[in-house]
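Dear colleague,

Please find below the structure that I am handing over to you. My notes on what was found in it follow directly after.

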Amino acid sequence: HNIGIDEVERIISLSPDILITWNSKYYLYETVIPELEQAGIDVLLLDTPTNFDEVRDAIIMLGDVVDAPDRAIEMVRDFDAKIDHLSQIVSEVPKERRIRVTDYHDYTLSKVYSTLADAAGVITDENQVFLQGNPDYMEIDNQLVAEWNPELITFRPYYTDTDGCLLDLGQSCVDEFTSALQGTSSLKNVSAIQNLNISPLTICQSQYMVQSAIDLAYLAYPYLFTQ
């Protein structure tokens with residue numbers, strides 16, 4: 001969540017014991033955090049998990065912070081059980097039949113998507129469809145996507161601004177984005193476009209990351225999920 005200065009008073013009024021947020025929100029260091037700490041509210045800054053190991057570490061850390069280590073261990077066991085179950089499902093797909101996928105999104109989620117792709121048994125473009133000119137923002141190159149020729153394209157079912165604030169979400173976003181891809185001339189020969197295999201995928205960077213992997217596997221191999 002993007003915490004604005006105008007929200008500090010509301011947070012303080014709720015009298016939380018602790019506020020947990022991502023340490024990537026650098027603007028918090030000089031604005032929000034000092035005011036919260038002055039009000040007696042502890043602030044815990046976490047790294048945003050980009051893989052399953054980091055999710056496990058975050059769960060264990062939070063379990064210690066809220067004095068619920070046993071619950072944290074139980075969550076990790078459930079997390080791992082779901083990963084193992086997914087691995088068994090996608091193991092039925094021979095390596096030579098695994099499909100190529102591209103996530104049509106900005107580079108910030110590329111590491112997470114690689115983790116999901118490995119778990120879902122699909123082959124990613126390994127970030128080779130991005131223009132590498134600007135280290136702060138890498139834009140997808142449609143020509144590179146066409147050369148990669150993915151059989152499945154995923155995207156987020158929402159729009160955000162450059163600060164990550166949510167602008168819009170829902171079916172209207174899905175329809176608009178799908179239509180835009182279908183109307184992009186440089187992508188017209190891509191397998192995913194020709195077969196209308198374009199689907200929204202919500203990526204979670206929490207204990208629900210495994211569900212994102214399951215959702216990706218379902219999009220790639222729906223016949224494996226008949227039960």
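**Overview**

Of the 227 residues in the protein, 38% are buried, where buried means under 20% relative accessible area, exposed means over 50%, and partly exposed lies in between (1.4 Å probe, protein chains only). Please note that this is a predicted model, in which local features need pLDDT of at least 70 and side-chain atom pairs count only at pLDDT 80 or more, while totals for chains, interfaces and linings use all residues. Residues are numbered from 1 along each chain as its sequence is written, and side-chain values use heavy atoms, with hydrogens and water left out.

The protein has 9 helices and 8 strands; these are DSSP runs, numbered from the N terminus, with at least four residues (H or I) for a helix and at least two (E) for a strand. The accessible surface is about 13300 Å², and carbon and sulfur atoms account for 49% of that area; such areas come from the Shrake-Rupley method with a 1.4 Å probe, and for residues only the protein chains shown count as cover. Contact means heavy atoms within 4.5 Å. Among contacts between residues at least 6 apart in sequence, 64% join residues at least 24 apart.

**The sheet**

An open sheet is formed by 4 strands in the order β4-β3-β5-β8, with parallel pairing; two strands pair if DSSP finds at least two bridges between them. At the edges are β4 (123-124) and β8 (198-200), each of which pairs on one side only. Strand β5 (residues 152-155) runs parallel to β8 and is joined to it by 3 bridges, and T154 stands opposite S199 in β8. Helix α5 (residues 110-120) packs on the sheet, where it touches β3 (100-103), β4 and β5, and its direction makes about 155° with that of β3. For this angle, axes are lines fitted to C-alpha atoms, for helices over the stretch in contact, and angles run from 0 to 180 degrees between N-to-C directions.

**Salt bridges**

The count comes to 6 salt bridges, a salt bridge being a side-chain nitrogen of Lys or Arg within 4 Å of a carboxyl oxygen of Asp or Glu. One of them joins R156 and D103, whose closest N and O atoms are 2.8 Å apart. R156 lies in the loop between β5 and β6 (158-160) and D103 in strand β3, so this pair ties together parts that are 53 residues apart in sequence. Both partners are buried: R156 has a relative accessible area of 4%, and D103 one of 9%.

D78 is partly exposed at 42% relative accessibility, as is K82 at 36%.

**Helix α3**

E54 lies in helix α3 (residues 52-65) and is partly exposed, with a relative accessible area of 32%. Leaving aside neighbours within four places in sequence, E54 is in contact with T48 and P49. The C-alpha atoms of E54 and S206 are separated by 9.1 Å, although these residues are 152 apart along the chain.

Yours sincerely
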